[in-house]
Amino acid sequence: MKCPYQIQSLEQYHTDYQRSINDPDTFWADIASNFTWKKQWNTVRGGDFKNGQSTWFEGGTLNITENCIDRHLADNAQQNAIIFEPNDPQSDTQYITYQQLYDRVNEFAHVLQKHGIQKGDRVCLYMGMIPELAIAVLACARIGAIHSVIFGGFSAQSISDRVNDAQAKCIITCDAAYRGAKTIPLKSVIDDALASCTSVQTVIVYNHVNETVNMVSGRDFWWKEEVSQVQQDKLGGFPAVEMNAEDPLFILYTSGSTGKPKGVVHSCAGYMVWANYTFVNVFQYKQNQLHFCTADIGWITGHSYIVYGPLSAGGTTLMFEGIPTWPDAGRFWDIVDKYKVDILYTAPTAIRSLMGCGLDPLENKSLESLKVLGTVGEPINEEAWNWYHEHIGKNRLPIVDTWWQTETGGIMISNLAGITPAKATFATYPLPGVIPQLLDENGHVLEGNSVSGNLCIAQSWPGSIRTTWGDHDRCLQTYFSAYQGKYFTGDGCLRDENGMYRITGRVDDVLNVSGHRIGTAEVENAINMHPGVVESAIVGYPHEIKGQGIYAYVIFQNEIDDAQTLKTEILKTVSQLIGPIAKPDKIQFVPALPKTRSGKIMRRILRKIAEGESDKIGDISTLLNPEAVEVIKQGVI
Ligand code: PRX
């Protein structure tokens, strides 16, 4: 069946966009009426967006899993919902039909209930990219528990920070995960994390790798044993818990420019509508197509475009456990050919790293099944865009460059595949419902075309962040206070002569490393935990593969005898406190950091030095210690 709200032409894009702006209530009511509700909403758009308190579909009740699973059973029970490609290409594929997904999610919801999990409880998931992760996410949603997925690369300390902030009652994990030639211990990291978490009563462990793990009696339980008990007890379907539209569906922690990561909260109804609407329209998803999003469910992209978007649309989503370069750099292309993937959605960093492997891995790959290509997570440079277009898209496929954020829930600015025009390195035009504005430093809206400024969103959209968990004030301060009455994205952006948007990168102290957000303050805090470190400053610099690399300037308290050993220790500290993704690429020991008279580190100067543009530093006479700059320049790596 054709999706009634899928945009079919450029003309329709324009009319739908206008309708979404002129009469958002009717526009979104029409779309929302295509979903399964337990009770119809009273108010489409409510709350107070200007003060960071939007509501959508208030008064309505629903359960997102009825929209992602149950409603597809009548006509498509035997269609694959999830296809799982394991890490090892020799291992067996798993095909999970909608009927099987229904059964497995319901069984696991019973398991959660048996362990006392109820509506509103928080459950953290720390697993590999296996179908059980999607099943656990959906089982939480079915029971009304708030899931918080923690990326498998985070350290014990990062996990305990998140678990404690959310006051999670339960953790779901695996013994270990495969990652190319390596296995990553997960349960033992959880054991370390839980040493400082008192809220957790239950840990459910999925045995995936057969790694020996320590099971704490009365706290730790094996997934398979628990599920088999439910099967023996013949408990049957689990009635989907009735959720208010605005009840939280999940928390996802993300880095900001200050402090610890914050828990971005998304709602049940608005998020569902937004993930679904954007999925159907941006990728122009057609029934029976296979969607392959290469992200990890530990990030928002996996939430919206592996799980909730495709499943709410009755699609088939491909989950891949491994990495693009193992056993060789043809892994993605083999997967595309093996399953006849229609839509491939990946990150510029993956494209750049595969581009670096040359064209040999593409030999004998057909890639003929592909219809749409997508990118997400960071600005894509022209060279990578052209390579993707020529060698993967064979110069015929649309590439959607999708700009969005953890906080936006789904895609905000993007071309619609084959429907609206594309332009290399441009996210192009806003989706219906999205009003982007560019503002100058004084808060003035920049009108007209050919302008650059800070990107804000001027009107509420269904998928917007609702709060930051446990601290609404932080949400207001971070997103709604820089520019009165508008959501501030933290991104710089330009609008070209045709009104197309191009994201130029973060304008705050957040780095984007391989498409992952990393807060400079977080990395600095981690480095400063090394007993010999006095102070540190982190900046980004252009990195050929990762987009941005992490450059650390470190003041050490003593004379340095063995810089290499020290650097290794610092890297280990960062790995332990945050995770390997936050390890600096370069560390430079310095005697002092350039500071203003009020004691603020002048990152602008450090950035210029790290970028190799120390000749463009400009006037430093107002610094407290201008002499520090010369010393740093001389020691640059
Ligand atoms: O700087 C933008 C960049 O990624 C940031 C959001 O990161 P995160 O919340 O981790 O979500 C990533 C996946 C949606 C943005 O503030 N970003 C994301 N997509 C693009 C992008 N930059 C340029 N072009 C994009 N298509």
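How far is an oxygen atom of the ligand from an N or O atom in the side chain of Thr-406? The distance is 2.5 Å.

The model is predicted: local features need pLDDT of at least 70 and side-chain atom pairs count only at pLDDT 80 or more, whereas totals for chains, interfaces and linings use all residues. Residues are numbered from 1 along each chain as its sequence is written, and side-chain values use heavy atoms, with hydrogens and water left out.

View 1. For the side chain of Asp-491, the corresponding distance is 2.6 Å. Taken alone, the ligand exposes 540 Å², of which the protein buries 96% (accessible areas by the Shrake-Rupley method with a 1.4 Å probe).

**View 2. The shell around the ligand.** Around the ligand are 17 residues, of which Asp-401, Thr-402, Thr-406, Asp-491 and Arg-506 come nearest; a residue is near a molecule if one of its heavy atoms lies within 4 Å of it. The shell divides into six nonpolar, six polar and five charged residues, with Asp, Glu, Lys and Arg counted as charged, Ala, Val, Leu, Ile, Met, Phe, Trp, Tyr, Cys and Pro as nonpolar, and the others, Gly among them, as polar. Helix H10 (300-312), strand S20 (399-402) and strand S25 each supply at least two residues of this shell. Helices (H or I, at least four residues) and strands (E, at least two) are DSSP runs, numbered from the N terminus.

**View 3. An open antiparallel sheet.** Four strands form an open sheet in the order S21-S22-S24-S25, with antiparallel pairing; two strands pair if DSSP finds at least two bridges between them. Strands S21 (436-439) and S25 (501-506) are the edge strands, each pairing on one side only. From one strand to the next, the twist averages 45°. Within the sheet, S22 (residues 451-457) and S24 (residues 487-495) are joined by six bridges, and Ser-452 has Leu-494 of S24 as its bridge partner.

**View 4. The enclosed strand S15.** Six of the six residues of S15 (residues 262-267) are buried, so this strand is largely enclosed by the rest of the structure; buried means under 20% relative accessible area (1.4 Å probe, protein chains only). Lys-262, Val-264 and His-266 lie on one face, and Gly-263, Val-265 and Ser-267 on the other. S15 pairs with S14 (residues 248-254) in the antiparallel sense over six bridges, where Pro-248 is partnered by Ser-267. Two bridges join S15 to the antiparallel strand S23 (residues 467-468), and Val-264 stands opposite Thr-468.

Terms used. Axes are lines fitted to C-alpha atoms, for helices over the stretch in contact, and angles run from 0 to 180 degrees between N-to-C directions. Buried means under 20% relative accessible area, exposed over 50%, partly exposed in between (1.4 Å probe, protein chains only). A polar contact is a pair of N or O atoms within 3.5 Å; within protein, one must be able to donate a hydrogen and the other to accept it, and residues adjacent in sequence count only if both atoms are side-chain atoms.
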